[in-house]
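The sequence and structure are shown first.

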Amino acid sequence: TMTEQILGAHPDLTVSNEQDIFNPVVNRMFRDQKPGDPILDAVEGLADERLDEARAEYRAAAARLVTREPGKSRLVDKFPMNLGMLSFVNRLFPDAKVIVAHRDPRDVCLSCYVQEFVPNSSMVHFHTLEDTARMYEGMMGLWLHQRELLTLDLVEIHYEDTVADLEAQARRLMSFLEMAWSDDLLRFHERDSNRYVSTPSYEAVSEPVHRKAQGKWKRHAERLAPILPRLEPFVEALGYEPTEPALRG
């Protein structure tokens with residue numbers, strides 16, 4: 001959410017505010033798919049006509065979001081479950097630029113577990129720590145697999161690097177997006193206080209960048225102990241400090 005709001009402060013960028021506009025397109029794109037059919041084979045086998053139809057539908061939905069803010073021309077489509085949709089993005093929009101925002105897996109699972117999400121087909125997986133870890137394993141395991149196969153132009157950033165040096169990370173993103181720099185990115189928290197941010201972390205994006213949420217999992221390590229061994233492969237894969245052996249069990 002913080003990365004989304006930083007980008008949304010740019011004069012040419014508007015943000016989706018977690019409106020799910022891609023998943024409905026994918027569902028209709030595979031409306032003839034039979035249960036059990038290999039989905040990746042279906043992705044590769046889509047007819048050009050169906051692809052063109054899906055692209056037009058997505059662009060129409062994106063245009064409706066962009067036109068809400070006059071003067072802005074590009075959309076940041078941020079939706080957490082999009083991480084599992086990148087093979088479809090790769091097929092539909094091979095020239096898309098993708099930003100994958102990481103955070104320490106232990107902090108991610110703690111945050112998801114304590115949030116009061118409105119239950120839906122995704123959020124229902126955060127009712128217990130075990131289910132939370134299972135959901136993380138599924139999503140991030142898929143990401144680590146996809147990362148080796150995608151041909152998209154993508155960049156990975158880390159929450160901890162952003163809170164350590166906001167300007168360096170913001171400039172890195174602008175360079176990746178090939179967009180002109182704007183000092184507005186550094187003042188993202190000063191934007192219109194009446195703007196609606198739908199995610200549970202809305203309070204964090206209304207104040208300057210801070211490190212209060214970094215390493216928060218350590219204060220709850222005893223409670224998190226049952227899932228820490230399951231998260232350790234992702235801690236290592238994403239380059240975070242290993243969990244102390246005594247805590248892993």
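## Overall organisation

Among contacts in the protein between residues at least 6 apart in sequence, 72% join residues at least 24 apart; contact means heavy atoms within 4.5 Å. The model is predicted, so local features need pLDDT of at least 70 and side-chain atom pairs count only at pLDDT 80 or more, while totals for chains, interfaces and linings use all residues. Residues are numbered from 1 along each chain as its sequence is written, and side-chain values use heavy atoms, with hydrogens and water left out.

The secondary structure comes to 12 helices and 4 strands. These are DSSP runs numbered from the N terminus (helices H or I, at least four residues; strands E, at least two). Of the 249 residues, 43% count as buried; buried means under 20% relative accessible area, exposed over 50%, and partly exposed in between (1.4 Å probe, protein chains only).

## Helix 4

Helix 4 covers residues 48-66, and its 19 residues should span 27 Å at 1.5 Å a residue; the end C-alpha atoms are 26 Å apart, which agrees. The expected span is 1.5 Å times one less than the number of residues. The buried residues of helix 4 are R50, L51, A54, R55, Y58, A61, A62, L65 and V66. They cover an arc of only 140° around the axis, which puts them on the same side of helix 4; the arc is that of the directions from the helix axis to the C-beta atoms.

Strand 1, helix 2, strand 2 (74-76) and helix 5 are included in what covers these buried residues of helix 4. The face turned away from the buried side carries the exposed residues E49, R59 and R64.

L129, T132, A133, M135, Y136, M139, M140, W143 and Q146 are the buried residues of helix 7. Seen down the axis of helix 7, they fall within an arc of 170°, so they line one face of the helix. They pack against several elements, including strand 3 (97-102), helix 6 (105-114), strand 4 (153-158) and helix 11.

The axes of helix 7 (residues 129-147) and helix 11 (residues 228-237) come within 10 Å and cross at roughly 35°. Axes are lines fitted to C-alpha atoms, for helices over the stretch in contact, and angles run from 0 to 180 degrees between N-to-C directions. On the helix 11 side, R230, L231, F234 and A237 meet residues of helix 7, among them E130, Y136, M140 and L144.

## Loop residues

S16 lies in the loop between strand 1 (13-15) and helix 2 (23-29). With 0% relative accessibility, S16 counts as buried. Not counting residues up to four places away in sequence, S16 touches E4, L65, L75, V76, D77 and K78. N17 is found in the loop between strand 1 and helix 2, and its phi is near 55°, a positive value in a residue other than glycine. N17 counts as buried at 11% relative accessibility.

D104 lies in the loop between strand 3 and helix 6 and is buried, with a relative accessible area of 6%. D104 touches E160, W217 and Y240, not counting residues up to four places away in sequence. D104 and E160 are 56 residues apart in sequence and 8.1 Å apart in space, C-alpha to C-alpha.
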